[in-house]
Amino acid sequence: MTNVIYDREALLRTVSTFPLIDNHCHNILTSDASSICPLEVFFSDAHGDALKDVRQISAIKRGVRQLAELYNCPPTLDNIKQVRNLMSYNDICITCFKPTGIQSLFLEDGLDALGGLMNVESHAGLVDTARRIVRIESVAEKILYDLAKSVASTNQKVLNFAALEEPLKKQLEACAKSESVVAFKSIVACRPGLNIFCNPNNNDDVTSILGNLVSDFDSLPDKKGSVRQVIRILIDYILKLAIDIAINLNITGFGGSDHDLIEFNPLLLRPLIEEYPNAKFVLLHAAYPYSRQAGYLASVYSNVYVDIGLVFPLISASGQQGILRELLEICPSNKILFSTDGHYPESFYMAVIRGREALGKVLLESVENGEFSYEETINVAKQIMFENSNVLYKLKLTPKQTDDKGYRDLSGEQKIVKLKKMGVKFVRLGFLECSNQYRFHVIPIDRFQNYITSNGLTVIRALTAFPYYADEVLENIGVTTTGELLLKPDLNTLTHLPYNPKHADVQAFFENKLTPADPQFGKIDNSPESLAFPLCPRTCLKNIIDAARRDLGITFLIGTELEFVLLKDVAPLVPVDYTVYAAASSFRTSNSAEILDKMVESLQEQGIEIEQFHSEGAPGQFEIVTGPESPLTAADKIVVARQTIYEVAAQAGVKATFVPKPFKGQAGTGAHMHLSFKEIDESKKIIDDHPSGLSPYERSFIAGVLHHIKAICAFSLPTDHSYTRVIDNCWAGSWICWSVENRETPIRVCYRPKTGPGGKYLDVHFEHRFVDATSNPYLVFSALIASGVDGIKKGMQLTNNPMLDNPAALSNEERKKQGVTERMPGSLSDTLKALREDKVLIGALGEPMIQCYTGVKE
């Protein structure tokens, strides 16, 4: 059994990480050309009105989920488009190619209908090597057009056969001798079809055709397009001329709506294949839908190969696996070539991800069916992905294993395989429930890989609603002891735990698990919206982010200050030192420097950007500042960071605590949140002359947060102990107001000048200081963003100027003059009352969430 598991993992590891030679693809469009292409064309050959139906095919539904994982956004086309709009085209290309493991590209540059193609050399920054495939029809069309245009301008209007043959032969010979060219390609299947006339040697007929072209040339409205149509008649002659010159010839299938599918059958090529036994024929696109026939030809002719490109972007998962099975039924494994047929950055990514998945599943089946051993399937995988093309084209490339990539650069199955190779044995499937307790189930990684990733883990529905002090179900919180839900892992969050090397951690979404006992059983579909469980904090935040992007066209970034205290003992409390803010001595006391170093290194290894760390003002207090991330990712990383700080401290023999006020009379421990937002369409951003330098959206966002701040505190200050920190002169902000660079207010605006139109742009973010680490970050972010968005939608205005003084040091009259009249809530009961009365937050987070949350807190 052990050997079987090892061999299975060796196969999956090979399929996931072995480098690829892309046997056939197209030059990537330039940025300008790509910008005019609708995203739907990544998934279909459809054009015009037919594109409106593309969203209904299975390939695009799956592709949207895969691209959403790549771009870390909600799985809709619109969200993917918005994320792409915020990226440079170069970053899009790098993002798409980085996870693929493509080592070499064979670029066919004849697909130029959109214009604006990157040259072959430009691809070298994305892969190790790039070679060219010459489309013979494109070469001939260019020569014909130039000749026809030249002769048409004379009185003779005669174009003889030699005038075409000589320059065509010369150019094809030059291409064949070029080190950058690996093959010729013909799109014969997309023109007259594969029923090639093997003796097109009547020069008189060809000369007659050329004469007709010249005589009609001046009257043709689309001269280049008309030349292309004439090629339909000349194609057999041009094809044979190319075969005489070339060693390798790619022949395409997969036609458009104007082609006769019967003419695509590769069996029609038998006379041509037999006439040229020394030429190598590669049947592109698996000759779909004639894959079995292509496999048969490759099995009976030594000079025939089958390429499986275009299958993976355009066909369903079951269809892809079916084509591979058909080929492997009869086709020798050393005759199958991998390719993407990519033209857009995303099409390369999707083809590779899908190709590896399909190949892994089909090869595993072949072992289970007794057709191959594991050792043989590993060899087959290497042949298809790399070695067959390497041998056929005599490239002499050495495969560069992609296995040295970090697991975070991989996706889905590849990431799990990489973690297993790193020695991970267990996965912690975790979630943060309403009371901010992090809980997880530990699952053997094989079970996680083979079952949990697809099916989830069944748990009691009330698990997210337990109070902090006991595992019990309270009354009147919207859930009972009955019912179950699923924990569905979000593989985007899968991370190795460096402080516990055999473990990895992954965050989960709560998903409804409906049975016949449920009133909704059979009434809802399987869409993500209907399956979402209303008490899932991650889903709550995701929905609010999606709504802000959809309704207002804004996206957010959030960074956090992680403040905590290290204690030598807890009875009584004994801190590791008594130093002050940023004191050099704090890193000389006890082993604090070693502990902090290990914490930061562990966080960095988990993909968390650290901007700085230092000692803070209270005894034994430290702060680690994280870099900005999108809100859901930022919340996930806060959860990971807290657990890392706890565990690393415990391993060092000390205790880490995030308690808001561990020492009376000393500064409290907060979790200050820094938020910025970006208007996706900068051209619509309003720039005015407001003295604050803030845009209208920015001012309204702050006004919205101030308007809802008492209710927000139910999430940001969620324990009775939280209110011992929010007092006068304690760096937290005890009066409701906003400021610029003033740390005695709950909201602080941070500026950094930036050049922009009219000099009016400022790089701005907002620090929310009324947050501590006893809070659930998903719910805090949800409440803050929902409040700010409400302010923008309603056009709320700031009614007072920024507070430049310490409001606690002013008299009542002085505060009133500055428009500051209300204190922050003084207790948890006060803010829970405000939350129950806040219809906006109830609507944004959902009534079930508010009912459960307030019930648990009470």
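Trainee: How many aromatic pairs does the structure hold, and what makes two rings a pair?

Mentor: Rings of Phe, Tyr and Trp (its six-membered ring) pair if their centres lie within 6.5 Å, planes under 30 degrees apart counting as stacked, over 60 as edge-to-face and the rest as tilted; the structure holds 17 such pairs. This is a predicted model, in which local features need pLDDT of at least 70 and side-chain atom pairs count only at pLDDT 80 or more, while totals for chains, interfaces and linings use all residues. Residues are numbered from 1 along each chain as its sequence is written, and side-chain values use heavy atoms, with hydrogens and water left out.

Trainee: What geometry do the rings of F18 and F386 show?

Mentor: Their centres are 6.1 Å apart and their planes stand at 85°, so the pair is edge-to-face. F18 and F386 are 368 residues apart in the chain, and both are buried (under 20% relative accessible area, with exposed over 50% and partly exposed in between; 1.4 Å probe, protein chains only).

Trainee: Where does the charged end of R538 sit?

Mentor: A charge sits over a ring if NZ of Lys or CZ of Arg is within 6 Å of the ring centre and within 35 degrees of the ring normal; here R538 has its charged end over the ring of F509, 4.3 Å from the centre.

Notes
Helix = DSSP H or I, 4+ residues; strand = E, 2+ residues; numbered from the N terminus.
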